[in-house]
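Subject: Structure handover, aromatic rings

Hello,

Please find the structure below. My notes on its aromatic rings follow.

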Amino acid sequence: MKKYVLLLFLSFSLYSTAQQITLKKGAIIDGIITKDSVSETFAVYLPKAFEMSKEWPVLFIYDTKGRGKRAISMFKEAAEEQGYILAASNNIQDSLSLSKNVLISSRMFNTLFSMVPIRRNQVYTGGYKEGARLASLIPTFIKQVKGVISCGSAVANSEVLSSKNPFHFVGIVGVEDYNYTAMLNTEKVLNRLKFPNHLLIFEGGQDWPKSSQISRAMQLLTLGVMAKGELPKDEAFIEKGYKQSLGEISRLVTENKPLLANKLLQEMIEGYRLLKNVDSLKLSGKTLRKTRQFKNANRALNQVFFKETFIKEDYVYYLEEDIVTYNYNNLGWWKYQMEKLQEYEKAINKYEKQMGRRLKGFINALIADNIDIAKSQEPADEEAMNFLWMLSTITDVSAYQSYLNIISYNAKIEDYGTALFYLEELLKNGYTDKAELYSLEHTALFRIMPQFNKVVAKYLKDSRYDVIEQ
């Protein structure tokens with residue numbers, strides 16, 4: 001088998017020069033120029049078994065910072081195992097409009113389709129967090145897309161979904177991720193619309209899922225095509241995945257994780273029911289759900305979900321009120337809330353522990369969203385942003401950029417007392433970039449003050465300007 005696939009003279013050119021590309025199998029190739037564009041590029045990964053003589057499934061991965069190669073690297077191992085081609089644009093950006101990102105996607109799709117043989121009923125999109133949110137919108141605008149792998153994000157806008165244009169949605173989320181409950185709600189919406197869908201849950205927070213989880217998601221998409229008769233049944237493929245999932249369920253039961261075991265069991269039933277007899281799985285599910293361990297765990301989780309809903313509502317309500325009134329006096333209340341979350345994180349009850357971590361992520365996401373809203377106003381609401389930056393230093397003491405923004409803004413309005421306080425808090429919490437401190441916008445006068453340099457010298461050993469004692 002040849003080590004390289006040589007694509008001689010593609011059907012497009014740049015500045016009248018033909019583009020010749022050598023794609024190495026089993027490696028990420030970056031900088032491929034998009035057809036019908038001046039400066040758009042994307043990255044591609046071909047599995048080691050790739051051959052031009054047959055068609056392949058493809059997953060277009062979305063990263064809203066345009067880091068195509070990085071995005072592919074997180075899916076590479078699973079793609080190799082499941083025999084998927086991967087592609088990711090270097091030009092998709094969260095600063096662009098949805099329509100522009102869709103056009104960039106369409107051009108990338110057409111370019112890849114002209115380069116390698118793609119199985120048209122297995123064209124999928126995927127991503128992580130914001131990239132996943134964008135990926136979930138693409139099937140609405142590009143009808144060739146048949147499914148989505150969404151890591152850590154619910155469907156971006158369920159209102160645009162239509163039962164006339166269903167796609168196969170596979171979500172992957174950690175139980176400590178603040179999007180966990182939102183993805184459970186997405187599952188209900190998709191079930192109501194009769195969209196084929198699965199939700200794979202793992203122990204963890206806002207982390208990239210393991211390669212095995214992504215591989216299982218690809219596996220479920222392939223099983224879905226086989227179940228519809230659009231791909232010949234591969235008995236070996238079906239049995240391999242079936243046994244892997246059974247082994248995982250057995251492990252979860254042994255480790256006394258009945259809820260995770262039951263969830264995976266239900267996804268197995270849905271994934272395999274049109275391909276083989278699943279009566280034994282249904283019986284196992286009934287038996288599991290009758291156990292004391294399952295009933296106790298399910299009751300405890302539902303109680304936590306109930307409490308979590310009310311806490312979130314409080315966070316949303318009070319934050320809106322505080323932003324409108326620039327209520328700095330309420331920062332103490334938020335500090336108390338963070339102390340409560342720390343208590344949850346130390347709880348013996350593991351579901352409360354998970355809730356505490358989800359709520360912390362929820363607050364930080366809520367703050368970030370409101371900062372974007374304040375920034376987008378004309379003119380930008382700097383006072384609201386200042387409040388939110390202060391709040392973010394309470395919810396995340398390592399949010400260094402927020403400290404820097406506070407220092408810059410308060411130096412600008414000549415509130416040097418506040419700027420000095422946050423300078424010391426910043427350095428106290430481990431910040432060490434002296435060069436950035438001394439080039440911070442709006443601080444030209446502040447950084448030559450003795451108080452500024454005295455604080456810097458205290459934490460970073462020396463300062464740029466001498467402190468002259470009077």
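The charged end of Arg120 sits over the ring of Phe113, at 4.1 Å from the ring centre. The term requires NZ of Lys or CZ of Arg within 6 Å of the ring centre and within 35 degrees of the ring normal. Lys276 is placed over the face of Tyr242, 3.7 Å from the centre of that ring.

This is a predicted model, in which local features need pLDDT of at least 70, side-chain atom pairs count only at pLDDT 80 or more, and totals for chains, interfaces and linings use all residues. Residues are numbered from 1 along each chain as its sequence is written, and side-chain values use heavy atoms, with hydrogens and water left out.

Over the whole structure, the search gives 22 aromatic pairs. Rings of Phe, Tyr and Trp (its six-membered ring) pair if their centres lie within 6.5 Å; planes under 30 degrees apart are stacked, over 60 edge-to-face, and the rest tilted.

Tyr242 and Tyr272 have ring centres 5.3 Å apart and planes at 85 degrees, so they form an edge-to-face pair. Because Tyr242 lies in helix H6 (residues 235-254) and Tyr272 in helix H7 (residues 258-272), the pair ties together parts 30 residues apart in sequence. Helices here are DSSP runs (H or I, at least four residues), numbered from the N terminus. Tyr242 is buried at 8% relative accessibility, and Tyr272 is buried at 2%. Buried means under 20% relative accessible area, exposed over 50%, and partly exposed in between (1.4 Å probe, protein chains only).

Tyr317 and Tyr318 are also edge-to-face, because their centres are 5.2 Å apart and their planes at 80 degrees. Tyr317 is partly exposed at 47%, as is Tyr318 at 33%. Ring pairs join Tyr317 and Tyr318 with Tyr315, Trp333 and Trp334 in a cluster.

Regards

Note on methods. Helices (H or I, at least four residues) and strands (E, at least two) are DSSP runs, numbered from the N terminus.
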